[in-house]
Amino acid sequence: MAARGVGMLACLPLCAQRSQVLRPTHRLLSCSGTVAADVKREEQSSRNVETGSEDRTPKKKFSEVQKERREQAQRTVLIHCPNKISEKKFLKYLSQHGRINSHFFYESFGLYAVVEFSQKESVTSLQNVTRTPSMETEAAIPFKSRFFNLKMKNPSSQTSEQSCIQSSNHSPPSNKKLSELLCYAESMDDQLNTLLKEFQLTEEDIKLRYLTCSLIEDLAAAYFQDCTVRPFGSSVNSFGKLGCDLDMFLDLDEIGKLNTNKTSGNFLMEFQVKNVPSERIATQKILSVIGECLDHFGPGCVGVQKILNARCPLVRFSHQASGFQCDLTTNNRIALKSSELLYIYGTLDSRVRALVFSIRCWARAHSLTSSIPGSWITNFSLTMMVIFFLQRRSPPILPTLDYLKTLADAEDKCIIEGHNCTFIRDLNRIKPSGNTETLESLLKEFFEYFGNFAFNKNSINIRQGREQNKPESSPLHIQNPFETSLNISKNVNQSQLQKFVDLARESAWILSQEDKDRPSPSSNQPWGLATLLQPSVLSSVSLAKKKRKKPASERIKNLLESIKSSSPENDTHTNGKRTVSTQA
């Protein structure tokens, strides 16, 4: 039974509200060594990027990281807690179900705790003593999940025993705060590393993302036993920033693989199944059912939208407890393979992530990218451009995809829907680059390179690492690394591309001028990267032109007055010539 005087756990009832989801503010507690060690290793690696010097410890495969994180999430629970709670008693109460590896608190529509046990059996033990809440005016749907609600049996006795919870805000810094941090940096390399540290996903945020996927997997498993819900995209490719959406996909392929080698004798046993005309229709039907399930039975899942007629059908929803905006697709294996490739590139050389984060931040500061779909350059396209640029350095900082393919062995072979997605997955077999350029030099060279790139005739291709003739007339052509007939930047129009080129040239010029007259970091004046994040001269000029432009009625009035003033009786001679104002 539960420890006396602590509280009661209840399965969290479904939230009926459809209010806006807030991003969680994590409040770090004194966790056990697991989290602290990971954070310490992250900080140590961020200090190792001055000249590309690398940590020589063995690097984990993407699949190994995914497996470890998924297993970690399966023995983790999410608990909605009272705002005033004794941390010591809370942990003592949970410890009766098994040893706790780590824990942390965060805020999102209340106080939540993420608690990781050492064994999965501890989760089962906790579920066995948890009750379904009784509702006075509503009926609770009795779904047994790992998302709990903790209530105090005797709140008054707890008030005087509150423990001091040290809070740490893990939201992205404000523009003002970021500018201050960058101004006080010792060098431009320090600036890029500081920006990376402030925007990259924290250990706690990553844990919460995998836990959210695991909770959705519990729900989907009611229909598809042994299915897996995997995160992909920014959440796992090493380029995700705080506050980014959570992309996940329902992997049903593993179900069939589990039974392929279990047959024996002269008979072959198959499941009776429903048949539909195409795989797309099957995907739509599966996601439709999962969407209904999330909407009606998923605790904390709100704002569910079934977008089934898109090129890639999906279910979009907000997970209110974690604060994540989620997109769920099914069998999107090429997207996961792309995430793995970016993970490899981001892990091979520590300068890669610092450069990508800075370029993305620069692009967002000048409205080159947007969270709203349109003709803007996407973050994915910018990342591909940085990778391509680093492949073009001498010596190359990153290898081409074709080279990674030559290093692959039999177990790395991967064909998805007829597309060759083969590349080596063991990072330890890829030779580190001998390039020692600084981040400052690379940032400047990036702007100069793309400020003078022949976009009108050449395409960007990270598979071969060299410019190629464009196969189509799109202003910007970046070849999809796996589906090679696709252009990932087909949405970008000519004006947006020209804006990118102009800003790249301006940024290269700014950095070259600062080489001659760089202010002291102690002067608290924007310099280096901080200057590049300020409103550009181009934007200021464009805005000034718009402000100077007068309304049509006023321009016509001025034109008439100028014609009147130029009549013979009002001639004004300058150097013997009559001047007529035609300024509108």
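I began with Ser367, which sits in the loop between H12 and H13; helices here are DSSP runs of H or I with at least four residues, strands are E runs of at least two, and both are numbered from the N terminus. Before going on, I noted that this is a predicted model, where local features need pLDDT of at least 70, side-chain atom pairs count only at pLDDT 80 or more, and totals for chains, interfaces and linings use all residues. I also noted that residues are numbered from 1 along each chain as its sequence is written, and that side-chain values use heavy atoms, with hydrogens and water left out.

I looked up its relative accessible area, got 41%, and wrote down "partly exposed". For the cut-offs, buried is under 20% relative accessible area, exposed is over 50%, and partly exposed is in between (1.4 Å probe, protein chains only).

Glu417 also has a positive phi without being glycine, near 50°. I found Glu417 in the loop between strand E12 (415-416) and strand E13 (419-420). Its relative accessibility is 61%, so Glu417 counts as exposed.

Which residues does the cis peptide bond join? I found Ser394 and Pro395, with omega at about -5°. Pro395 belongs to the loop between helix H13 (379-391) and helix H14 (401-406).

I have Lys84 down as exposed, at 58% relative accessible area.

**Entry: helix H6**

Which residues of H6 are buried? In this helix (residues 175-183), I listed Leu178, Ser179, Leu182 and Cys183. Looking down the axis of H6, I saw them fall within an arc of 130°, so they line one face of the helix. That arc is taken from the directions from the helix axis to the C-beta atoms.

What do the buried residues of H6 pack against? I noted helix H7 (188-199), helix H12 (350-365) and helix H17 (529-532); contact means heavy atoms within 4.5 Å.

**Entry: H7 on H15**

H7 packs with helix H15 (residues 439-451) at an angle of about 85°, and their axes are 7 Å apart. Axes are lines fitted to C-alpha atoms, for helices over the stretch in contact, and angles run from 0 to 180 degrees between N-to-C directions. That makes H7 roughly perpendicular to H15, a label that covers 65 to 115 degrees. On the H7 side, I found Met188, Asp189, Leu192 and Asn193 in the contact, and on the H15 side Leu439, Glu440 and Leu443.

**Entry: the sheet**

I traced five strands in an open, mixed sheet, in the order E7-E8-E11-E10-E9. Strands pair if DSSP finds at least two bridges between them. The edges are strand E7 (228-232) and strand E9 (301-307), each pairing on one side only. From one strand to the next, the twist averages 25°.

E9 and strand E10 (residues 314-319) run antiparallel and are joined by five bridges. I looked up Cys301 too, and its bridge partner in E10 is His319. Helix H11 (residues 333-348) packs on the sheet, touching E7 and strand E8 (246-251), and its direction makes about 45° with that of E7.

Terms used. Parallel < 35°, antiparallel > 145°, perpendicular 65-115°, else oblique.
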